[in-house]
Amino acid sequence: MVHAASAQKLEYDLNLHTFADNREYAKSGRYPQTIFGLRFSPEIGVLLDSVHRLRAGFNALHEFGSSRFTDKIDPVAYYEFKKSDWNFYMGMFPRHGLVSDYPRAVLKDTFNYYRPNVEGMLLKYENSKWRQVLWIDWTSRQTATDRENFIFGLSGQYKTGVFFISHYAMMLHDAGPAVEIPGDHIEDNGALLVKAGVDLSRKTFLDSLVLNVGGLMSFERVRTIGGWQTPKGLLLEAQAEYKSFGIINSFYTGEGHNIRYGDQFYTAKQYNRTDLIWRPKIYKGIEGMFALSFHFVEGVVDNQQAFGLRYNFSN
């Protein structure tokens, strides 16, 4: 349904994300947990013209088993500029589809469950060969007791034919509260992953086939205490899909990392993850995915089962 007032159009979106993610990580000493719940996120707004858009709404989380009607409500309110190959967002806007493609080594996937919005700004440039995304997410405002935290990042890809090179970078700035804590220091913590590979999707009998090799480096320092710590390593990845089924394998070898917002398995010097994927065809507008994952690390095997459904209805 679209209402026109001169050149303006009323828009709406209704998003539902349900998820079950069971993480059996006890063997490796990582954090085992079960994440089970749903997010409901309606938006309403105005398309002012072909370039400018205003949106407002909320994103509500309910974790199954909770006695509360909702466990957390995040406001959604943002301005979007879209013209030719450029996009600009400012406000509190959905992470999904904009920053949700980061590799787990750099930015852990639990952000998609527990921090669905970016609170800040994002600039994106994208055409048939290039994509670049620059963003800042303010995660904690400084008060007398609360720390000042924000994350900023840059990601992108260049693709020509079957060849591509991509990069993902982020940095966390962690400063103290306004009332100083004795012995506390400002910390910087981030990571950079650069990958090069080939995308042979639909070049074989497979629907998707992607192979790449990358270098992972993390950056960490405690100001006034010491210099930068920069462990490094090699990441090899392969992804293949046929119809609704797929397999993804990631192998890392190198130095262990302490990436505050990265996946905890990359603290190991060698780590292999294998995902068996099923994407069922459910209904138009509904995306489903089931993943059975195996984590080979430090002589043990942890496992994980995750199932998620996303539904989007809009005009």
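Guide: Ala, Val, Leu, Ile, Met, Phe, Trp, Tyr, Cys and Pro count as nonpolar, Asp, Glu, Lys and Arg as charged, and the others, Gly among them, as polar. On that division, the lining of the second largest pocket holds 10 nonpolar, 12 polar and 12 charged residues. This is a predicted model, in which local features need pLDDT of at least 70 and side-chain atom pairs count only at pLDDT 80 or more, while totals for chains, interfaces and linings use all residues. Residues are numbered from 1 along each chain as its sequence is written, and side-chain values use heavy atoms, with hydrogens and water left out.

Visitor: What makes a set of points a pocket, and which residues are the closest to the centre of the second largest pocket?

Guide: On a 1 Å grid over the protein atoms alone, a pocket is an open set of points with protein on both sides within 12 Å along at least five of seven lines, and lining residues have an atom within 4 Å of a point. The second largest pocket has a volume of about 800 Å³, a volume being the space filled by probe spheres set on the points, which are joined across faces, edges and corners. Among its 34 lining residues, Asn 15, Glu 43, Pro 94, His 96 and Asn 312 are the closest to its centre. The largest share of the lining, six residues, comes from β2, where a strand is a DSSP run of E of at least two residues, numbered from the N terminus.

Visitor: Is His 257 called buried or exposed, and why?

Guide: Buried means under 20% relative accessible area, exposed over 50%, and partly exposed in between, with a 1.4 Å probe and protein chains only. His 257 has 4% relative accessibility, and therefore counts as buried. The residue lies in the loop between β14 (245-254) and β15 (270-278).

Visitor: How do you know that the side chain of His 257 makes a polar contact?

Guide: A polar contact is a pair of N or O atoms within 3.5 Å; within protein, one must be able to donate a hydrogen and the other to accept it, and residues adjacent in sequence count only if both atoms are side-chain atoms. The side chains of His 257 and Tyr 252 make such a contact at 2.7 Å.

Visitor: Why is Arg 202 called exposed?

Guide: Arg 202 has a relative accessible area of 66%, so this residue is exposed. Arg 202 is found in the loop between β11 and β12 (208-222), and its phi is near 65 degrees, a positive value in a residue other than glycine.

Terms used
1 Å grid on protein atoms, 1.4 Å probe; cavity = no way out; pocket = protein on both sides within 12 Å on 5 of 7 lines; lining within 4 Å. Helix = DSSP H or I, 4+ residues; strand = E, 2+ residues; numbered from the N terminus.
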